[in-house]
Amino acid sequence: MAVNLDKEAYYRRIKRLYSNWKKGEDEFGKVDAIVVSVGVDEEIVYAKSTAIQTWLFGYELTDTIMVFCDTKIFFLASKKKVDFLKQVAVTKGNENANGVPPITLLTREKNESNKANFDKMIEAIRGSKEGKTVGVFSKDKFPGEYMKSWNDTITAEGLEKVDISAVVAYTMAVKEDGELSLMKKAAAITSEVYSKFFKERVMEIVDADEKVRHSKLAESVEKAIEEKKYLGGADPSTVEMCYPPIIQSGGNYSLKFSVVSDKNHMHFGAITCAMGIRYKSYCSNLVRTLMVDPPQEMQDNYNFLLQVEEELLKELKHGVKICDAYSTVLEYVKKEKSDLVAKLTKNLGFAMGIEFREGSLVLNAKNQYKLKKGMVLSISLGFADLVNKDAKKDEQKKYALFIGDTIQINEEETATILTPVKKKIKNVGIFLKNDDEEDEEEDGDDAEELLGKGARSAALLADRTRNEMTAEEKRRAHQKELANHLNEEAKRRLTEQKGEQQIQKARKSNVSYKNVSQMPREKDIRDMKIFIDKKYETVVMPVFGIATPFHIATIKNISMSVEGDYTYLRINFYVPGSSLGRQEGNIFPNPDATFVKEITYRASNLKAPGDTSVPSTNLQNAFRIIKEVQKRYKTREAEEKEKEGIVKQDSLVINLNRSNPKLKDLYIRPNIAQKRMQGSLEAHTNGFRFTSVRGDKVDILYNNIKHAIFQPCDGEMIIVLHFHLKNAIMFGKRRHTDVQFYTEVGEITTDLGKHQHMHDRDDLYAEQMEREMRHKLKSAFKNFIEKVETLTKEELEFEVPFRDLGFQGAPYRSTCLLQPTSSSLVNVTEWPPFVVTLDEVELVHFERVQFHLKNFDVVIVYKDYNKKVTMINAVPVNSLDPIKEWLNSCDIKYTEGVQSLNWTKIMKTIVDDPEGFFEQGGWSFLDPESETQGSGAEEDSESEMEDETFNPSADEEEEEEEDSDEDYSSETEDSDYSASLGSEEESGKDWDELEEEARKADRESHYEDEDTSNRKRKVRPSAPPSKKKRRS
């Protein structure tokens, strides 16, 4: 079936509706049946009838009539919709199994009057309770003959209609966890669009002194939601505006959500903006006021409005009557600023969900309904018709302040704000000029006209420079905090782990025979020939006339050669000292014993008279069989080694329902067999099962998945579902912690032999087909992911890599695009894949960061210090700042240096003596700032000791010491050299004395006159500094 219905959600919600109806509170007590009829009307965006359909089924069903009776439920719809509703229709013998009345599905007849179907439903209404009154949504009036004939039938029967909009709204108002997560997502998207688009756009307009109409700005906001970068990873097809954005300024304000942005130009005063985004049918709302150069009174009023909102949030709790919360806030305004009571908005918000505004749950003085935990409200409060006394122009004289948020009601605590967009004065105020400039501008408005853009932008820039920290300064401050926290946390963690010693498994010793009775009694053994016992994997060899067994594990290698009339079989054994790898000690429990290193056997190739076969046949057979047994033994050992540490997984619970989420024609990596094979991936109750065309099965349980990553095919040749597992699983005789399923999107190889025109029709058609294919695959994968997330009740969430934050690097041999997700850093398109969990990262160090180098390396150090560090080589230097920004936002400490470090030694030192490491400052040794501060202190003390004379050579030496990152030995040499230079200069010899000394030295060395003159020319350039020093 193409469209799936969430049965569990339907049963939960229909039970809630019936239980509230049976309680008989308010209008529910007056009705005998409930009728919901939905026609077709494109103009209706919000209606209670369509909302209850979306709530129950997840979709709107046009031309559908639903009748809820006491013991029966009737659905009258077209054949296609009836097929869809069959998913929740109760089958025979299973009535009332889910605690709800059984469903009867009636198929609508298009060409007839549907009288027979209407009669059945009227009969059911008559049989429900007293059969006199029906509950309807009186405001919902759909056009069309079909709806008219049904309404006429109800009227003709004399059934009394009762409006149940309010009680149904109250039933739907408490949101389930799934609904809350959708509303949180909607609120997050609204916050993103406001912060990243609207606010930035207004700043640009003010900065550039542009003239932009309110309506045009509102249209640009609507277009912005088509761009993924503002949607926080959501699919644009699931996002829409709840209402056209409302932008108001320049004295014309109406603090309602039913108004439309006018065509006036935006005025640089108080700018109110209201916008709400709907995600998967669930609404959110946000209201903010931006103020350009607000006078002090406006700032005071705005701060008071923020305090009023705080008071409202404190009152909105589970069990509180709406009217009581409203009156408390009103009393607070009267007490603090009574003159603003008349200016306050008449209501302070409303309940919100599938419908944007719940008319029966408005926050005003009359509403008697109680708030319940899980309700989501849009609170919006403001002051209208405020007067700006400092105004000079008409549009500045009146202003309004309006703020609003989407909030969630809690049990005891203050309501949670789901739209956490900052709203303090410093966040919404745009200050263009200083107080001094205001005095100057009072002399004449003409100056402002003349200066225009330049004055504004300069003032804005100056204000920003004065008051805002740069991104680098913010990062440094945050990194300093992280550094302190990092060392403390690491020290605590290592102290807790102290004493936990890893128990190394002793390798099982290979014993051929436990006692003599197990020795084979073969003829070859009695004849002193080599015999191979395949059962016990043992080679029985004659040694000094005694049959001696050697287990196959003790044989290192064998070789056979023919020389003349003889065949030689040479057998080498493992002995202490031979290359065995790291587990060498485990094989030899007693390495001081005497070992046999090598045995060579010789047999004749000539057949002696009376012999049945050539003597060397035994050696040839032994050579062949030993090789076979050795191969089999090594394969088995390798498999056992792979299985070591494998955590036993639960069994997969197969869901026999045919409507399970399923993806076909996928390849698996790593391959099950040598050749890659296609198969299908199906989601079951507690895990996935991949079944190849050959019948191989690979099961991946949901609780074993650490990261589920969906890599779309944007800019890639494959589309991938990648699972990074907590514990390795076995398939294809190997253990794997990374498993991925992918399909190719286009031709990975291109035929360069084609000599065709670039605008060739076939090529254009192929490109079009590829684009369509990409879109089709993306939709199929997204649909699969959504179904899986619904099936697992959001316990398994798929992460999508942020391509915009990606950077090139080489974690293995080749360069690839590494992309962050919400909890990891990944590359899943290349094989082997690269996945690093951010929660496991202790710190990140950048190596070889130098101005003259194009690339640098990234070293990732894990919280588990026994784990090997991860290196990413050849990262372009222009990615350094974006990576720093990303790591800083993830609260991960980073450091940088110019040298490559020996991380194996560093980590071993830390693990061997963690206390000593942290006593010496811990990870601060990587931070260049700590070194520069120390060297700066030394320089200060030296400068105090020295004279205040100018000494350029010494200064140069100090600069070199600061910039370089060389060994301490070179630094000491430099300091010795500078000291000796200083002592020469302090002796005070002038140029003439030095020249005389040079002549004497030349005479003693018997130099000729020509050489002497050359020597003088060479020495002369170094003299001026000394001369200059004497003058000073």
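**Contacts, strands and helices**

Modeller: Ile246 touches Lys256, Phe257, Val259, Ser261, Thr272, Cys273 and Ala274, leaving out residues up to four places away in sequence. Contact means heavy atoms within 4.5 Å. This is a predicted model: local features need pLDDT of at least 70, side-chain atom pairs count only at pLDDT 80 or more, and totals for chains, interfaces and linings use all residues. Residues are numbered from 1 along each chain as its sequence is written, and side-chain values use heavy atoms, with hydrogens and water left out.

Biologist: Is Ile246 buried or exposed?

Modeller: Ile246 lies in strand E8 (residues 246-248). Helices (H or I, at least four residues) and strands (E, at least two) are DSSP runs, numbered from the N terminus. Buried means under 20% relative accessible area, exposed over 50%, partly exposed in between (1.4 Å probe, protein chains only). Ile246 has 2% relative accessibility, so Ile246 counts as buried.

Biologist: How far apart in space are Ile246 and Asp262?

Modeller: In sequence they are 16 residues apart. In space, C-alpha to C-alpha, the distance is 8.6 Å.

Biologist: Which residue of E20 is the bridge partner of Met541?

Modeller: Two strands pair if DSSP finds at least two bridges between them. E19 and strand E20 (residues 546-551) pair in the antiparallel sense over 6 bridges. They form a hairpin with 2 residues between them, and Phe544 in the turn has a positive phi of about 50°. The partner of Met541 is Thr548.

Biologist: How many residues of strand E19 are buried?

Modeller: E19 covers residues 538-543. It also pairs with strand E18 (residues 531-533), antiparallel, over 3 bridges. In that pairing, Asp533 stands opposite Thr538. E19 is largely enclosed by the rest of the structure, because the buried count is 5 of the 6 residues.

Biologist: Which residue in E33 does Gly809 stand opposite?

Modeller: E32 and strand E33 (residues 816-820) run antiparallel, joined by 3 bridges. Opposite Gly809 stands Cys816.

Biologist: Where does H7 bend?

Modeller: Helix H7 (residues 177-208) reaches 45 Å from its first C-alpha to its last, close to the 46 Å expected at 1.5 Å a residue. The expected span is 1.5 Å times one less than the number of residues. A bend is the angle between axes fitted to the seven residues ending at a residue and the seven starting there. H7 bends by about 35°, at Tyr194.
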